[in-house]
Amino acid sequence: MQEISQVTGTGVPMLIDDVDTDRIIPARYLRCVTFDGLGQHVFEDDRLQDPNHPFDDPRFQGGSILVTGRNFGCGSSREHAPQALMRWGIRAIVAESFAEIFFGNCTSLGIPAVTAARTDLQRLADVIAAKPATEITVDLSAKQVCFADQTIACEIPEEARSALLTGQWDFLAQLLKTEEAIRQTAARLPYLNDFVGC
Amino acid sequence: MTDRRNLFNKVWEAHTVGTLPSGQTQLFIGQHLIHEVTSPQAFEMLRDRGLKVMFPERTLATVDHIVPTDDRRRPFQDELAEEMMTAIERNCREFGITLLGLEDDRQGIVHVVGPELGVTQPGITLVCGDSHTSTHGAFGCIAMGIGTSQVAQVLATQTLPLSRPKVRRITVAGSLRPGVSAKDVILHIIRRLGVKGGIGYAYEYAGPVFDAMNMEERMTVCNMSIEGGARCGYINPDQKTVDYLKGRPFAPQGDAFERAKQWWLSLASGPDAEFDDQVEFDGNEIEPTVTWGINPGQAVGISEPIPPVESFPPEEQAGVREALQFMELQEGQPVLGLKIDVAFIGSCTNGRITDLREAARVVRGRKVASHVRALVVPGSRQVEREAEQEGLAEIFRQAGFQWRSAGCSMCLAMNPDKLVGREICASSSNRNFKGRQGSPTGRTILMSPAMVAAAAIEGRVADVRELL
């Protein structure tokens with residue numbers, strides 16, 4: 001898979017907290033058997049109720065780096081949520097923190113999801129709002145987010161960072177290499193062996 | 001030397017296949033559950049790569065999210081739902097997976113079906129493409145929700161790449177006062193620890209309050225671990241766990257059951273087990289609890305008013321204001337007495353037989369308020385049959401509740417059961433997120449099934465203790 005060390009683009013500022021996956025993609029759009037076409041429905045209900053929603057704001061169209069708050073992606077495990085963001089055009093997310101299942105889904109899709117301090121996120125969001133064309137780089141190698149002439153520190157769990165940097169975020173391919181070890185594990189688990197010898 | 005590992009770490013180590021290049025553990029998954037919403041794309045991923053399911057007998061499928069709870073005839077009126085139903089039927093047939101389909105009398109919500117069939121057992125690892133998979137931790141296993149790419153990984157390899165979480169023991173001491181339920185306990189815990197308090201942790205629930213709970217109450221608690229940010233939660237197996245499993249169709253039988261029992265009980269965290277963090281609550285302080293906001297941590301005891309915005313940490317105040325505005329509530333206002341439009345009893349949190357018994361105890365001989373649309377949706381066909389045999393269904397019907405068939409229904413409104421407009425719903429489900437119950441502007445107040453029953457009768461949020 002592709003090695004992902006940097007993502008560069010313009011930003012979408014949405015510095016609010018506890019954004020759940022029902023908001024990212026309402027459940028009615030989970031009535032599907034592929035992920036195609038989800039991008040247009042991202043944040044649909046929020047956008048209907050907020051004419052100034054950042055995903056509709058002409059200034060942020062074409063943005064690929066989402067800047068958001070605490071506990072982003074909480075709630076339902078639906079992979080439809082990062083799929084919808086990705087298909088809208090988001091390539092990296094910078095937040096104060098992520099819900100775990102959402103974070104794992106992002107990594108599986110090759111979307112770096114990095115965390116930064118709230119004060120730094122506020123600065124970044126302010127810069128985007130003031131000058132939407134600002135180029136932002138999420139740099140996984142240096143664990144930094146660079147924009148205008150500023151640099152802020154960001155964090156990402158080392159396992160995910162390493163997987164993205166080395167292009168090994170297609171975990172399925174790696175798991176498939178270990179069939180013998182998988183079968184050995186199965187062979188020693190009591191409940192797969194009629195509880196004999198446990 | 002005594003084993004100072006907690007249950008989580010014992011089970012994790014028993015299932016470790018190896019360490020991946022990224023540093024993550026490759027963890028063997030003993031039981032995989034799938035449903036129609038998060039699996040179709042995973043099967044497509046397998047087809048794209050020409051892969052088979054490695055252990056088809058370790059995956060069990062059912063249908064729940066999109067299933068209509070009134071007219072279940074095929075084809076469904078909703079063409080998209082019909083397409084999903086056809087897809088899971090075809091996928092299970094082609095890949096050799098057992099499907100408890102619409103016609104099967106074991107069909108139901110995946111987190112109700114697994115335990116009631118004895119599929120869920122202590123000491124296993126169990127995953128499903130559904131965040132409420134944490135429910136199964138009630139049996140003393142590692143159970144967590146996963147995304148669709150991970151569903152494909154489990155289908156193809158029966159393993160997942162995972163980072164080991166820390167373990168926090170949450171002790172609830174003392175006992176619960178009359179009229180206080182398992183739902184109130186978990187809402188109280190989430191309120192105190194916050195909706196992101198559990199990120200990076202597995203929760204072990206311990207102490208006399210959980211010891212005293214039956215298995216279904218324990219499932220309610222573990223179910224909502226994810227609402228507190230913890231990907232999984234569990235309760236150590238004990239004699240109640242063993243008694244619950246005995247005789248269930250997928251549980252070990254005969255001598256194997258006796259051997260299984262010894263192993264199950266040996267996994268429990270011992271008295272000197274070590275934890276990364278410990279928290280304690282007093283069960284006597286917990287009241288019937290209700291939410292007032294747009295996440296499950298925004299809750300109060302029924303006798304308390306909504307706290308002042310200023311009483312929240314500064315970084316939470318914007319979210320609190322957003323919640324109050326959406327709910328059209330004010331700080332200082334009680335939730336008690338708030339008029340409701342809809343009452344929903346059901347879901348993987350509270351759609352089991354003991355939940356329906358508790359609700360029926362409140363409803364018996366009373367009538368649903370004339371302005372309230374009230375429905376009871378059993379969690380499985382088995383719960384449905386039991387409730388009919390026990391006369392609970394009749395109690396609900398007599399009172400004016402709609403008695404439906406098994407499915408997820410209005411918990412997330414992927415089927416035709418939805419709120420309309422700004423309706424307020426007293427709900428025994430697990431999420432009060434904006435738009436969760438099918439209307440983008442609909443409002444949800446989470447509470448126990450007995451509290452929903454009381455609200456349905458009174459037409460307003462009520463204190464169930466006054467009706468018992």
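1. Conventions. In this predicted model, local features need pLDDT of at least 70 and side-chain atom pairs count only at pLDDT 80 or more, whereas totals for chains, interfaces and linings use all residues. Residues are numbered from 1 along each chain as its sequence is written, chains are lettered from A in the order in which they are written, and side-chain values use heavy atoms, without hydrogens and water.

2. Extent of the interface. Contact (heavy atoms within 4.5 Å) joins 60 residues of chain A to 79 residues of chain B. The two chains bury about 5,500 Å² between them, 62% of it on carbon and sulfur atoms; this is the accessible area (1.4 Å probe) lost on being put together, summed over both parts. In chain A, the residues losing the most area to chain B are A:Arg31, A:Tyr191 and A:Phe195, together 13% of what that side buries.

3. Salt bridges. Between chain A and chain B the count is 5 salt bridges, each requiring a side-chain nitrogen of Lys or Arg within 4 Å of a carboxyl oxygen of Asp or Glu. A:Arg31 forms a salt bridge with B:Asp78, the closest N and O atoms being 2.7 Å apart.

4. Helix pair in chain B. The axes (lines fitted to C-alpha atoms over the stretch in contact, with angles from 0 to 180 degrees between N-to-C directions) of helix α13 (residues 353–363) and helix α14 (residues 381–390) of chain B come within 10 Å and cross at roughly 35°. Helices here are DSSP runs (H or I, at least four residues), numbered from the N terminus. B:Ile353, B:Leu356 and B:Arg357 in α13(B) meet B:Val383, B:Glu386, B:Ala387 and B:Glu390 in α14(B).

Technical notes: Helices (H or I, at least four residues) and strands (E, at least two) are DSSP runs, numbered from the N terminus.
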